[in-house]
Amino acid sequence: MSLLTPDFGLVFWMLVTFLAVLFILGKFAWPAITEMIAKRNQYIEDSIQSAKEANEKLQNIKAEADKILSDAKSQQLQIVHDATKVKEEIISEAKKNAGIEAAKIIEDAKSSIQTEKDNAIKEIKIQVIGLSLQLSEKVLQRQLSDKSSQEAFINEKLDEINLLKK
């Protein structure tokens, strides 16, 4: 027998062994291997799908965050605008109230000054009248020391009063 040409028995047993191994592999190994490959394939597809969903959710969250940020900026600007408007109104109201209060204080001061002035004038008049009376009394006491000069003075004054009335 030659080394390059195998014997029929060897070929037969090699073929039987090959078919037995092929049968065992086909019966037990190939289904397990194909099932594992199918599971792995399904796991990869599920992972890809989950990644796509996660990416979509991330995009939605990012868009929502941008919208919330935009709304917050808009609200911030509105609050600042409203606060500025309220500040201006408060300042305007305070100026108006200060003007009214200043006018009231000035009016009260003018009234007080006028009252004080009137009181001072009255007091001066009273003093002038008192001094005039005292002076008149002293003058009259000197001039009217006798009865005839008293009658002459009274008649003179009555004539003056009558002239003033006419």
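Trainee: Is Trp13 buried or exposed?

Mentor: Trp13 counts as exposed, at 54% relative accessibility. Buried means under 20% relative accessible area, exposed over 50%, and partly exposed in between, with a 1.4 Å probe and protein chains only. This is a predicted model, where local features need pLDDT of at least 70 and side-chain atom pairs count only at pLDDT 80 or more, while totals for chains, interfaces and linings use all residues. Residues are numbered from 1 along each chain as its sequence is written, and side-chain values use heavy atoms, with hydrogens and water left out.

Trainee: What does Trp13 form with Phe12?

Mentor: The count comes to one aromatic pair. Phe12 and Trp13 form that pair, edge-to-face, at 5.2 Å centre to centre and 75 degrees between the planes. Rings of Phe, Tyr and Trp (its six-membered ring) pair if their centres lie within 6.5 Å; planes under 30 degrees apart are stacked, over 60 edge-to-face, the rest tilted.

Trainee: And how exposed is Phe12?

Mentor: Phe12 is partly exposed, with a relative accessible area of 39%.

Trainee: New topic. How many helices and strands are there?

Mentor: Two helices and zero strands. Both kinds are DSSP runs, numbered from the N terminus: helices are H or I with at least four residues, strands E with at least two. Helix H1 covers residues 8-143, and Val21 lies in it.

Trainee: How much of the protein is buried?

Mentor: Buried residues make up 1% of the 166 residues.

Trainee: Which side chains meet in a salt bridge?

Mentor: Those of Lys39 and Glu35, at 3.3 Å, N to O. The rule asks for a side-chain nitrogen of Lys or Arg within 4 Å of a carboxyl oxygen of Asp or Glu, and the count comes to one salt bridge.

Trainee: Where do Lys39 and Glu35 sit in helix H1?

Mentor: Lys39 and Glu35 are four residues apart in helix H1, so about one helical turn separates them. Glu35 is partly exposed, at 43% relative accessibility.
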